[in-house]
Amino acid sequence: MPSQLSKFFINASCREYAHPWTDDCISTTAGLGLHALQESLRIYSTVYVVTFLMKGKIPSKEDIGKTILGILQSTAFLSWSAFSYSMFICTLRRVLGSFNVLTVSFLPSFLSSLSAIFIERPSRRTLLCLYVSNIATETLFRMGQARGYYSPISRGETYIFAVSMAVLFYFYRSKTNKQDSVYKILRVLVEKYEETEYFKENCLQHNISPCSANECSKESSKKKHNGSNKPWEKNIFMKSLALYKKIIETVKVLGKHITCPHPHSCAYYILIGSVKLFSFGLTAQLVISLVFQIKKLLRKPQIIKSVIFKKNNFNLAVFLGSFTGLYRLVSCSLRRFLQKDSSYHAIPAGFIGGLAFLSYNNSTVALYFMWKALQLLWNDLVEKEIVPEIKGFVILLYCFSTAVLFHVAILEPQLLRSSYWKFLCNISGDRIAVMSRIPLDQFGFQSTKYLAEVLRKTNTTNKKLYSF
């Protein structure tokens with residue numbers, strides 16, 4: 001990797017670089033736009049329909065109309081991004097008379113993103129910004145690492161995730177406005193009992209704790225079975241079930257601090273949360289593994305055992321169970337030690353719980369929560385008038401992040417996440433791969449060499465022929 005570019009400008013025509021299959025810039029732009037239109041319609045039809053079905057309700061005419069409108073609007077946004085990207089490449093070449101390191105991809109992508117984002121619904125712009133910023137952050141880190149600016153930190157994703165969760169849970173405990181989707185994820189992890197609203201509504205207004213520590217024992221005593229001589233009680237399974245219930249009932253009444261907002265004992269709160277999230281994580285991972293291996297399973301059903309008992313299937317379950325258990329353990333311990341409940345308890349609890357990410361260690365997940373934490377932190381600082389509100393910041397960040405990704409896809413494709421490279425190939429009909437890197441090798445990035453490696457790695461091709 002060169003420390004500086006060997007040449008800033010290249011004297012190449014549009015055909016030599018952008019569309020080597022034809023001389024016509026207009027037909028090239030139209031061809032890319034039409035292919036992107038079809039692919040975008042397929043992608044967003046699937047996304048919107050699946051999202052709609054997950055709501056689990058019978059659709060009304062209004063719901064169907066909104067869904068169709070959303071599909072068309074998002075399709076127009078993505079297809080215009082592709083169409084205008086090609087258009088701006090050729091336009092800038094004609095205006096400036098040559099290509100330079102910025103106009104081969106970065107600037108055209110920035111301008112196409114800027115013109116396209118206004119087509120998309122405002123409610124989706126922040127989500128799109130978070131998605132591309134996540135990938136762009138990882139890409140920029142790889143670029144710096146490749147240039148020798150720094151070395152990777154072992155388990156760095158875990159530290160990023162832990163700090164992010166500390167920030168997010170502090171806002172979860174202290175903010176009353178929880179419209180952001182990330183709060184739904186946090187609520188799954190720690191349930192409603194850690195919300196400030198729950199404590200205020202269910203405890204303070206009655207000047208009591210949410211649930212008496214002995215409430216469970218009263219309930220359980222009412223549920224004791226009579227007729228111990230019944231034959232079914234001799235069954236081993238039923239005896240095991242009875243023993244399990246007895247253990248659970250005992251754990252429920254072990255006691256809790258008066259400031260703890262959860263019902264039943266702290267031990268039960270920690271244990272049941274860990275088991276619940278462990279089961280959820282294991283089930284989700286098994287379903288995903290089976291879905292992705294469905295073709296192999298149909299051909300070789302005997303491999304189902306190896307698919308189910310694969311070691312990696314337990315990573316998500318261990319992470320979710322450990323995170324929930326650690327967060328609740330630290331929260332309850334701090335309430336007992338400090339004799340009060342506070343939103344600040346969420347900071348050490350979130351950080352220590354976040355260390356459970358060691359068992360999962362996914363950079364995509366870590367960066368997503370990092371950006372969400374930064375978003376909420378910035379919004380809070382704006383509300384407190386500590387920093388000024390920057391109009392259009394989300395749009396500018398989206399355009400910059402997308403421009404970085406397209407710039408790297410053209411000049412340094414080996415640094416781009418494989419999944420995003422495949423997405424670009426799908427949306428462009430592999431035109432992003434067919435664009436010639438030979439003229440760009442003058443910049444010193446060895447783009448042609450690394451493109452060939454990426455094509456082999458991702459099983460994509462640059463050998464396609466196009467009519468326009």
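User: Glu412: buried or exposed?

Analyst: Glu412 is buried, as its relative accessible area is 0%. Buried means under 20% relative accessible area, exposed over 50%, and partly exposed in between, with a 1.4 Å probe and protein chains only. The areas come from the Shrake-Rupley method with that 1.4 Å probe, and for residues only the protein chains shown count as cover.

User: What kind of model and numbering is this?

Analyst: This is a predicted model, in which local features need pLDDT of at least 70 and side-chain atom pairs count only at pLDDT 80 or more, while totals for chains, interfaces and linings use all residues. Residues are numbered from 1 along each chain as its sequence is written, and side-chain values use heavy atoms, with hydrogens and water left out.

User: Back to Glu412. Which residue forms a salt bridge with it?

Analyst: Arg147 does, with the closest N and O atoms 2.9 Å apart. The two sit in distant parts of the chain, 265 residues apart: Arg147 in the loop between H5 and helix H6 (156-174), and Glu412 in the loop between helix H17 (393-411) and helix H18 (418-428). A salt bridge here is a side-chain nitrogen of Lys or Arg within 4 Å of a carboxyl oxygen of Asp or Glu. Helices (H or I, at least four residues) are DSSP runs, numbered from the N terminus.

User: And how many salt bridges by that rule?

Analyst: The count is 16.

User: What does Arg142 pair with?

Analyst: Arg142 forms a salt bridge with Glu138, and their closest N and O atoms are 2.6 Å apart. Both are in helix H5 (residues 122-146), 4 residues apart, so about one helical turn separates them. Arg142 is partly exposed at 29%, whereas Glu138 is buried at 11%.

User: What about Asp341?

Analyst: Asp341 meets Arg173 in a salt bridge (2.9 Å, N to O). They are 168 residues apart, with Asp341 in the loop between helix H14 (315-338) and helix H15 (346-354), and Arg173 in helix H6. Through shared partners, salt bridges join Arg173, Glu194, Arg335 and Asp341 into one network.

User: New topic: which residues form the positive surface patch?

Analyst: Lys295, Lys296, Arg299, Lys300 and Lys310. Patch residues have over 30% relative accessible area and no salt bridge, and like charges are joined within 9 Å.

User: Where is Lys300?

Analyst: Lys300 lies in the loop between helix H12 (294-299) and helix H13 (304-308). At 48% relative accessibility, Lys300 counts as partly exposed.

How values were computed. Patches are made of residues with over 30% relative accessible area and no salt bridge: like charges are joined within 9 Å, nonpolar side chains (Val, Leu, Ile, Met, Phe, Trp, Tyr) within 5 Å. Lys and Arg count as positive and Asp and Glu as negative; His and the chain ends are not counted. The place of a charge is taken as NZ of Lys, CZ of Arg, CG of Asp or CD of Glu.
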